[in-house]
Structures are given as structure tokens and as C-alpha cells.
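Dear colleague,

I am handing over the structure that we spoke about, and it is placed just below. Please look through it first, and then read the notes that follow.

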Protein chains: 2
Amino acid sequence: MPQLGLLHGRAWTVLLGQLRRPPGAVCIRAVSSHSQVAEALFASQLKPYQEKSNFIIKTPKGTRDLSPQQMVVREKILNVVVSCFKRHGAKGLDTPAFELKEILTEKYGEDSGLIYDLKDQGGELLSLRYDLTVPFARYLAMNKVKKMKRYHVGKVWRRESPTIVQGRYREFYQCDFDIAGQFDPMIPDAECLKIMCEILSELHLGDFLIKVNDRRILDGIFAVCGVPESKFHAICSSVDKLDKISWKDVRHEMVVKKGLAPEMADRIGDYVQCHGGISLVEQMFQDPRLSQNKQALEGLGDLKLLFEYLTVFGVAEKVSFDLSLARGLDYYTGVIYEAVLLQTPVHAEEEPLNVGSVAAGGRYDGLVGMFDPRGHKVPCVGLSIGVERIFSIVEQRMKTFGEKIRTTETQVFVATPQKNFLQERLKLIAELWDAGIKAELMYKNNPKLLPQLHYCENMGIPLVVIIGEQELKEGVIKLRSVPSREEVAIKRENLVAEVQKRLSES
Amino acid sequence: MPQLGLLHGRAWTVLLGQLRRPPGAVCIRAVSSHSQVAEALFASQLKPYQEKSNFIIKTPKGTRDLSPQQMVVREKILNVVVSCFKRHGAKGLDTPAFELKEILTEKYGEDSGLIYDLKDQGGELLSLRYDLTVPFARYLAMNKVKKMKRYHVGKVWRRESPTIVQGRYREFYQCDFDIAGQFDPMIPDAECLKIMCEILSELHLGDFLIKVNDRRILDGIFAVCGVPESKFHAICSSVDKLDKISWKDVRHEMVVKKGLAPEMADRIGDYVQCHGGISLVEQMFQDPRLSQNKQALEGLGDLKLLFEYLTVFGVAEKVSFDLSLARGLDYYTGVIYEAVLLQTPVHAEEEPLNVGSVAAGGRYDGLVGMFDPRGHKVPCVGLSIGVERIFSIVEQRMKTFGEKIRTTETQVFVATPQKNFLQERLKLIAELWDAGIKAELMYKNNPKLLPQLHYCENMGIPLVVIIGEQELKEGVIKLRSVPSREEVAIKRENLVAEVQKRLSES
């Protein structure tokens, strides 16, 4: 399995290399051997890159830098997400970027091949974290924490085949909210779905739908359709494809590739093509075959309760019971959910953007117990917001509308029309900084006035403080509003107070 | 060199393993072979950890989780740092956690052995970033950016021997501010020192001093003392130890270990034991030997200008010209600086904590050119705040004073004294959430009132909304102030408005 992953990785590496050389990438010659590297350890002996061959200055495949513009968008989105998590009483937690390799193995099923391992440099075998859920479970078990509501925003890494257009990268942010602890059924689960609704609404991404299902219902369906237990996992991953390919193709895969009897596939098809609201839950309760299965009944009972709570929260109409939802990760044990955007973004003139799921999660009651020496379980439920895809949507929208983003927060620019005024400008700007005002100046001894004012207009800086011969003599400074181009003279000693007044008014 | 690093790494790994088993760590049996891992890929076949042997649940050596308490401290410190960077007009930037290995090699001199490499899993050879400076230079060269003021807060990784007591880890945060571009001399450099002063003052870490020197002055000293150029680097790293060991020991190292003629060492000693203010700069200008060296004169000229600007900024008295300051990294080309705390923290009753340097930086005019295919240079100057050490100090101080930290921001708790009120509580809390109010409730169908109120007192939640039979009948709810324990009945429909009013008053 890991070898397959490797080949797969190589194949797309080649493909991606052709598709995605960044605009700024340049080819230069590479260092020819490692002994050269060892030889040239000190700066004084360094060879510049241009003396090497075939070396491309780029970020690693599937990763990217975030430019100042992108950082502003990211900050805004993360603010919405984190504010919501805090609104629901979550505490922050941070874990290392890498874990002992053992911690991550056997948690991600078929996807384990996508884990980045660190090179063995002596000491422990380490891997980059694949999600924030397993480190959270490790934290709970290690510190014997039995109850915790935490959020975690951080990067995770997966050696996936990135489809850049969908906002998929090998390095990406996850924003997770989880509730650990033994509680009365479905109250925390309902809160997780409420949180997903709050965040997706606040981000104005257009209409969305949250599909829910339960691992126990899926297992029940497979059992009552006569699927042998050894095939549950394979059939489950076929079912999971129903949102991308037709039932006909899924059925074909089950029968031809996975060797399932055709009549079993047909029985499964009757179930997994169903989706609806709370009435579908009721209907499944009445199903003559499914109602005989204990696991399925437990799952249905929980879903019924979940829908009750969601109705009280006023979000039930955003949620659909979808029997085809399976979710890839191995650790889920009960309710699972996934939020999808329903159509193109709000404005008709925008290009449609296929973004798939933008949030997902579920219940994993067994994961913490796997780390506990006595197997003590801590039931958990949580969700993850797919912020990278949300970045893509928001970025695309801003591109479409040609929105301009301020990448600095500078409030005041300190300028002069005259030569030899650097020291005066430095004195002024230090005063502003010391008063907590965001200020910039040009790093030139003798700048011309016009470029200074242009810079303010380009950067959206609202105020300019101007000092010259005349002002210095009279003990004043000029205060210029960049949008209106109006200038007034104010007393030098009133500078900070006046600037603060102007800023509080705007 | 890399092999030496490895042995060194192993040696302290053993040591650390004995010293630093985390309190929550538990021993359980490990998986016996990798083929077992491959066999047991799916959850249904998973063996829990307790069936394995000798496996310790812990974070990787030299790393740690940040608990909710620590996260609150971290957030506060990072807020101060980032606010200051923004006050000085910096834009945000993010780069991947790993870079192509080639990007990092030959940048860190003797410390290159501390770089974490990723395992070769097919495709590119990658390494975890060692600092934020080299990725910044790579970004500038790759995107042909000639001018940029940016800040970057992110984790970096170094396979160092961690001395936990000093706040040194193998994974740690860096907070960097850099100014790239061709400008008039020393204006950006002076701003960097001003920023360090602002941040260290705002964090109330006690008295501090910023040592400055210039690589060209050091090189000039070595040249006029007759040191052969091939020994510059080795002698430089001896000089750098003067803040930890005596001149006698440094001299011994130079003469005995590094084979320097004793008279040369003595001449060096006359210089590098000097430190002082701008008058020392003037004095060195008059030095009969040093004034003959072109490089040294350039460095001294820049330092003179730097002190002029620092005087205007009002921070000159915080800065000391220290001829022993050398800084480890290879990429520095001009002025270098390092901030150290001068004594134990503010309060005499606290235990002294040796934290060494808390901020550092310098000018690196050649680094971007190393990445540019034509060698085009972009001069840069910057600084890095050692936030991990600052965390340690602040944490230690809070421990000493037994300060309690709120780990959530919850404003209102929704409680009931009665059974069968879950739905009413859910309805109430959804209203609060939808109004942007931070609220929690107990995940129990029938909680007792006292534990609900105790929870609020423990967590510092200021307000409780109480609903029961009586209130429901009368169309009111009770609003309880946790600190004063006063309760008032308010109309159900005024809930949100009343809560918002109370919160804005407190």
C-alpha cells in the first residue's frame, strides 16, 4: 500500500511539474554533489546559485507562499472561524507539527500512505501531522484529560495529488473544534452542526447543505444486505463516491471490482440513494430489514434526537440525512457529517467554482482509548472547517470583482517637501509610534514630496503629517487628509492628540 | 560535520530521555514490525496500544504541546509583537513549513547539521525551515520583489540540544520583521532597533540592553591583528563566547585549540573586551590600526550614523556597541544586534531565570542575491523576537504569583434548576449565539443547579441565565451576576438586549 502511494505520488509529481511552475520560478544550475556542500560550509566559500545548474527556485510541490494580499483574506476568514469557536466556549491548544510515527500509523486507513515521514537522523522516527484530530486524542490520553472543548488552528500535511483549482494543497490549514467527554447523547453533536451553520453563514459563501449519516447505519445496511464483514470497508469506500459518480458506476465497481453479488449491490442501492430530512429517519425506523439490525437502530435513534435538537437550534432545514455519506477516515464510530456548497457563489456573474466539501466531521469514540494504556475511552465529536477551499472561493470572488485589499494598516505617513529633514521626520514618527499610532516614512534622506503622497494614495494611508522649513520655524506641522487632499496647520505639540482625534472620527 | 551533529544528537537524546519523560507519559508495548502495520491497515483490525510493548505516548523530544493556559499567554505576547510590526507598516507573509533542501543548505554554517530533513518518499528532497529569513529571501528572489517590509510569525525547527530551563526547544515560534530594499544607509536598521525596544518595553520584561556590532568591524579587527583569513570564522566563533566564558578561557581556546599566535590573541583581546556608547565608536575611528582598515571604517561609519538615529528615536541609552558580539549565522554582512535581559525579572521575590538573548538580528545584503539567477542583490535588514524565551519568563512569573488565567471567553452560562428543560436551554443558548454572545451550557438532560453555578465561578463566567418552570410560565428568565450572586427577573424577549447591556457595562 505505501509503495502504491509512492508511485502515485511520483506520477503526479511529473504532471504537476509541467502544469505548475510558479511565475517567478527560474532555472539555475544545481550543486553537483553532496561533498561539495560539505566543503563549502561557510559563507565566505559559498557559491551563488547562478553557478549551479538545473536548480529551480520554487516552493515544494503542492505548497505555496501566501502573499500579503492572501494573508489579509486568510486573517479575515480565520477570525470568523476562531470567533465562532470561542463563542461556543472552546479553549485553544497547540501541538507539535510532527508526532512520533507510531502515533499516526493505523489511524487513516487507505490514506496512511500520504503521511510525510521525517528522515531518520538518529533518535526518534517522526511524521508530520496528517490532521489535528489524532494529536488531540494523543494529548487527551497523555494528560489523562477526560473532558475538554478545544479548538485548534494549524497546518497539516498530506502527500496528496493536489488539484490546485479546487484549493487542494499538500500543506494546508485546518480549523478544528472538538468536544471530548461523556455526555448525554447528541447534545455536543448538535452543537457541532450548529457551529458549522454559523460559520458558513457568516462567511457568506452562498447556500450550503450539511449531509449527515451514521457509521452504524451504514454497517447495518451492509449487514442486512448480506455483505460479508470483510468487505464492509471496500464497499463503504465505493458508496462514498456517489457524490461524484452515478449509482450505475458505483454498482459496477462493487460487482466487478470488489466481487459483490449483484443482488446485494441492488439491495444496497435501494438504501444509499435515499436522502431527506427527519421523515427519512422515521421511514428507516419502519424498514423491515434495517429495523432488525441493532447497530442501525442505535444510529437511527441518535439521528432522530439530533434532528430534534437541530430543529430547536433553527438549522434543521440546512441538514439532510444522506445514506451515501461515508467519510474516508477510519476513526469515526457514530454520526458523520459533511457540508457542501450548493451552487456557484452568490453572484451570477462569477465563474462557477467546484469546491466540494467545505466542512466535515463526526463522532470518534474509540480514538483516545487507542492511546490509553488501559484502553479507557473518552468519547469525542468534532468538526473541521476546510478553510483552504474557502480561501479559494473568496479569492476568486475578489478577483472577479477587482476588489482592492489594503495589505498594511498604516494610519499616518510622515513626509517632507524639503531636503535635510530626516532627523525632524524621525523625531515625529517616533512620537507617533510611541503613542501607538501606525506610521511610516520613506527611507530616504531627501525624498521628493510627490512620490511620498503617491505612496499614500496607492497604499490607502488616510493621513499625512508634513514638516518643512516654514512649519519648523512656526512650531506647527501640516496635517493632510489623503482622500480630500485638504491640509491644515496644527501646533506641533498637539500632533498626537490631533491625529488620534482624526483617526477616531474616520 | 553532519555526522558529528548526529552523534551529538544521539548523546543528548539519551540524556533527555531520562530527564524529561512528561508527567502523562505511559509505557505500553510497541508494534513489533512494520509488516504488522501494513497488515492492520483498517480500523476494524486495529490493535489498541495496550496490546503493544514499550511504546511511550509523548510528544517528540524537544517539542511540547501548549495547554490552554499557555495558549492564552502566547496569544497575549504575540499580540504585542504583531501589533508593533503592524504599527511599523509591515505586511504579513506566510511560507511553507518545508523548503527544497537545496534552498536551506549552505546558509547556516556550523549549524546546518541541525536541519530536519524529510524522508525521501519519491519526488523532491525537502527540509523543515530552520528560520524565517531564508524563506523570505527565497520569496523575494522567486517573485523578483525588490522592496518589501514584512512580518512573519511561524514555527521553525532545529535539531538542537534543548535546555528546557532556558526555554529552548526543537520546535519554536519565530516572530520576524524585515525590511528589504535599497535605501539610504541605516534608516531601516535604526527602525529595527526601535522596534526591539518598543516590544521589549511593552512586554515589561525588566531592564534590557541591545548589543550592536558590525561584521565588517570584526573582520577588520581580525585583519589588523594579523589573523589569516582562513581562521576568521573559527576565531569569530571563539569571540562570540565572551558573554558566557571569560576572556582568559576564550584566549586559551584561540591559542591552544585554534592555533592562533598568542600575540595575535592579545591584540584581539584589546579590542573585543571593549563596549560602550557612541563615544566608543569615535574612539575606534581614532584607533591607529583599525582606522587603516577599509572594511572596519565602513562599519564604524554606519554605526555612527545608527547611533545618531537612535538618539533621535530616544533609545540610544538602551544600545551598547559591543565588539565581542559576533552572531552565529553566516548570512549577516553588516550591522548585527542582540537584545539581552539585564537581570532577574522586575520583582525581587521571583527566582532568577537565565534566558540569554530575547531578540536579535542584523543586515544580510547578500542572501537574496544567492537565490537570483543573475545574482541581483536585494539588501535586507531584520530582527527576530525570541518569543519562546519570553513565554518562559512570563509563565514563570505567573507561576510565582499564582495568577489565574481564563482559558475561555464565555460570557454567559445557560442554566436550569429543573428536569426536562433541555429544549428550553437549547432555544435560549441558540438565541445568544446568534446574537454573537459567547455562551455555554451543560451537556446534560437534567443537570443539578449547584454544579452549573460552580462551573461558572471556576471558569470566571460573569453571567448566568436561569430558566425554570416558574420563569417559563411568567415569560421571564432570571439573570444572575456570578461575582455578586444577585439575581433579577427580566422579560424573555429582552434577554439578548439585557445581556448585551450588562456585558458592555462590565
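**What was found**

Chain B can be laid on chain A by a turn of 180° and a shift of 0.0 Å along the axis, with an RMSD of 0.0 Å, where the copies are superposed by least squares on the C-alpha atoms of residues with pLDDT of at least 70 in both. The two copies are therefore related as by a two-fold rotation axis. Because 100% of the interface residues of chain B are also interface residues in chain A, the copies meet through the same surface.

Before going on, please note that this is a predicted model, in which local features need pLDDT of at least 70 and side-chain atom pairs count only at pLDDT 80 or more, while totals for chains, interfaces and linings use all residues. Residues are numbered from 1 along each chain as its sequence is written, chains are lettered from A and ligands numbered from 1 in the order in which they are written, and side-chain values use heavy atoms, with hydrogens and water left out.

**Chain A as a whole**

Chain A holds 18 helices and 18 strands; helices (H or I, at least four residues) and strands (E, at least two) are DSSP runs, numbered from the N terminus. Of the 506 residues in chain A, 58% are buried, where buried means under 20% relative accessible area, exposed over 50%, and partly exposed in between (1.4 Å probe, protein chains only). Among contacts in chain A between residues at least 6 apart in sequence, 69% join residues at least 24 apart, a contact being heavy atoms within 4.5 Å.

**Helix packing**

Two packed helices are described by the angle between their axes and the distance between the axes. Within chain A, helix H15 (residues 422-434) and helix H18 (residues 495-505) pack at an angle of about 55°, with their axes 10 Å apart; axes are lines fitted to C-alpha atoms, for helices over the stretch in contact, and angles run from 0 to 180 degrees between N-to-C directions. That angle makes H15(A) oblique to H18(A), given that angles under 35 degrees count as roughly parallel, over 145 as roughly antiparallel, 65 to 115 as roughly perpendicular and the rest as oblique. The crossing of H15(A) past H18(A) is right-handed, a term used if the near helix is turned clockwise from the far one by less than a right angle, with left-handed used if anticlockwise. On the H15(A) side A:Leu428, A:Glu431 and A:Leu432 meet A:Leu495, A:Val496 and A:Val499 of H18(A). The residues of this contact divide into 5 nonpolar, no polar and 1 charged, with Ala, Val, Leu, Ile, Met, Phe, Trp, Tyr, Cys and Pro counted as nonpolar, Asp, Glu, Lys and Arg as charged, and the others, Gly among them, as polar.

Between the chains, the axes of helix H12 (residues 294-313) of chain A and helix H15 (residues 422-434) of chain B come within 8 Å and cross at roughly 45°. H12(A) is therefore oblique to H15(B), and their crossing is right-handed. The contact is made by A:Glu308, A:Tyr309, A:Val312 and A:Phe313 of H12(A), together with residues of H15(B) that include B:Leu422, B:Leu426, B:Ile429 and B:Trp433. By class, the contact of H12(A) with H15(B) has 8 nonpolar, 1 polar and 2 charged residues.

**Individual places**

In helix H9 (residues 247-257) of chain B, the buried residues are B:Trp247, B:Val250, B:Glu253, B:Met254 and B:Val255, and what covers them includes helix H8 (232-239) and helix H10 (262-272) of chain B. H9(B) is followed by B:Gly259, whose phi is positive, near 65°.

B:Gln452 is found in helix H16 (residues 449-459) of chain B and is buried, with a relative accessible area of 0%. Not counting residues up to four places away in sequence, B:Gln452 touches B:Phe413, B:Val414, B:Ala415, B:Thr416, B:Met442 and B:Pro447.

A:Arg397, in helix H14 (residues 387-401) of chain A, is also buried, with a relative accessible area of 14%. The C-alpha atoms of A:Arg397 and A:Leu205, which are 192 residues apart along the chain, are separated by 10.0 Å.

A:Lys144 lies in the loop between helix H5 (133-142) and strand E6 (148-157) of chain A, where its phi is near 50°, a positive value in a residue other than glycine. A:Lys144 is partly exposed, with a relative accessible area of 47%.
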